[in-house]
Amino acid sequence: MSDNKKIPNCPVETTLFFLGNKWKILIIREIRQGTKRFNQLHKTLKPISQKVLTSNLRELERNGIISRKIYPVVPPKVEYSLTDLGLTLTPVLDVMNNWGEKYQTTMKDF
């Protein structure tokens, strides 16, 4: 992990440090459903730009959350999947999903 020299002392802050924007969380959400190719991610995460998607994928890979497999074919085929470390984020996303559902239900009553 190239960013570990900057890891905060607070565990919550550490989590936010590595997942600090909505795109990373949404990328992980998509990849946890199964291995994905770049174009699949780009299509499901619209309106993300290719540049932003590429940047976030590189950061997630550099930080050990996802892995990238390159196949030696023409045209190039690249697939992204969660690493064992990335899979440990599944319960975090589940809790976020549950909270979001409860919030949506609560706000319907207002």
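**Overall make-up and helix 2**

Modeller: Of the 110 residues in the protein, 28% are buried. Keep in mind that this is a predicted model.

Biologist: What pattern does the protein follow when read along the sequence?

Modeller: The protein has six helices and three strands. Read along the sequence, the pattern is α-α-β-α-α-β-β-α-α.

Biologist: What box do the C-alpha atoms of the protein fill?

Modeller: The box is taken along the principal axes. Its dimensions are roughly 55 × 35 × 25 Å.

Biologist: Which residue caps the N-terminal end of helix 2?

Modeller: Look for a side-chain oxygen that lies 2.8 Å from the backbone nitrogen of Trp23. That oxygen belongs to the capping residue, Asn21.

Biologist: How do the buried residues of helix 2 lie around the axis, and what arc do they cover?

Modeller: The buried residues of helix 2 are Trp23, Lys24, Ile27, Ile28, Glu30 and Ile31. They are on the same side of helix 2, because the arc they cover around the axis is only 160°. An α-helix has 3.6 residues a turn, so residues three or four places apart point the same way. The arc asked for is 160°.

Biologist: Is Ile27 buried or exposed?

Modeller: Ile27 is in helix 2. Buried means under 20% relative accessible area. Ile27 has 0% relative accessibility, so Ile27 counts as buried.

Biologist: Which residues is Ile27 in contact with, leaving aside its neighbours within four places in sequence?

Modeller: Contact here means heavy atoms within 4.5 Å. With the neighbours within four places set aside, the residues in contact with Ile27 are Leu41, Leu45, Leu53, Asn56, Leu57 and Leu60.

Biologist: How many nonpolar, polar and charged residues does the contact of helix 2 with helix 4 have?

Modeller: Helix 2 contributes Trp23, Lys24, Ile27, Ile28 and Ile31 to this contact. From helix 4 come Val52, Leu53, Asn56, Leu57, Glu59 and Leu60. By class, the residues in the contact are eight nonpolar, one polar and two charged.

How values were computed:
Residues numbered from 1 in each chain as written. Predicted model: local features only at pLDDT ≥ 70, side-chain atom pairs only at ≥ 80, totals over all residues. Heavy atoms only, no water. Helix = DSSP H or I, 4+ residues; strand = E, 2+ residues; numbered from the N terminus. Nonpolar A, V, L, I, M, F, W, Y, C, P; charged D, E, K, R; others polar. Buried < 20%, exposed > 50% of the residue type's maximum accessible area, 1.4 Å probe, protein only. Arc of directions from axis to C-beta. Polar contact = N/O pair within 3.5 Å; in protein donor to acceptor, adjacent residues only side chain to side chain.
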